[in-house]
Amino acid sequence: MPTPRKPQYWLLKSEPEEFSIVDLARVGQEPWSGVRNYQARNFIRDGMRVGDGVMFYHSNCAQPGIVGLATVASAAKPDPTQFDPKSDYHDPGSLLAAPRWLLVDIAYGRTLARTISLELLKQHAEQLGDFALLRRGNRLSVLPVGVAQWRHILTLESNDHGDQLLQARKAKSP
């Protein structure tokens, strides 16, 4: 009998004006459509499984950061927006018989008590190790998160030690 697969963890980025954690809380479950990067698509196709944990990240906003938790609620499946000529995510080169782009459904878990900001995550770069979000130039909207990284990041939600480090650094800045 095969051993059950341990859950994997992911970070999904969304611009809050497009789709926020508040939107996910309202609808409960949503297809994560519009991914148009091959590496991100491969994470969806090859890595994501039902039950995996998701950190919901607001990007391109005043305070980018992790704002909530969700779970992967479906297996990877073709993203229908690639076939819709009216969609911003239409891909005329993608064929119904051989879809190029995939999505998973994500289900709302909870909204964090506070945003775990990108700035705070950078303060914890040493503890987070090779965390994909902190790599220079990384703009992927789907990123893997290690178990130790997941656990450490969640401690930052209620741990004000990180805030104290951040405030001390700001106080020293000219």
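Which residues have the most contacts inside the largest nonpolar core? The legends below take up this core, then a loop residue and a helix. The model is a predicted one, in which local features need pLDDT of at least 70 and side-chain atom pairs count only at pLDDT 80 or more, while totals for chains, interfaces and linings use all residues. Residues are numbered from 1 along each chain as its sequence is written, and side-chain values use heavy atoms, with hydrogens and water left out.

**View 1. The largest nonpolar core, with 40 residues.** A nonpolar core is a set of buried Ala, Val, Leu, Ile, Met, Phe, Trp, Tyr and Cys residues joined through side-chain atoms within 4.5 Å, where buried means under 20% relative accessible area and exposed over 50%, with partly exposed in between (1.4 Å probe, protein chains only). The residues with the most contacts inside this core are L11, I66 and V142, and its largest share, five residues, comes from strand β4 (residues 65-72). Strands (E, at least two residues) and helices (H or I, at least four) are DSSP runs, numbered from the N terminus.

**View 2. Q82 in the loop between β5 (77-78) and β6 (102-103).** Q82 counts as buried because its relative accessibility is 0%. Its side chain makes a polar contact with the side chain of S94 at 2.5 Å, a polar contact being a pair of N or O atoms within 3.5 Å, of which, within protein, one must be able to donate a hydrogen and the other to accept it, and residues adjacent in sequence count only if both atoms are side-chain atoms.

**View 3. Helix α5 (residues 147-158) and its buried residues.** These are Q149, W150, I153, L156 and E157.
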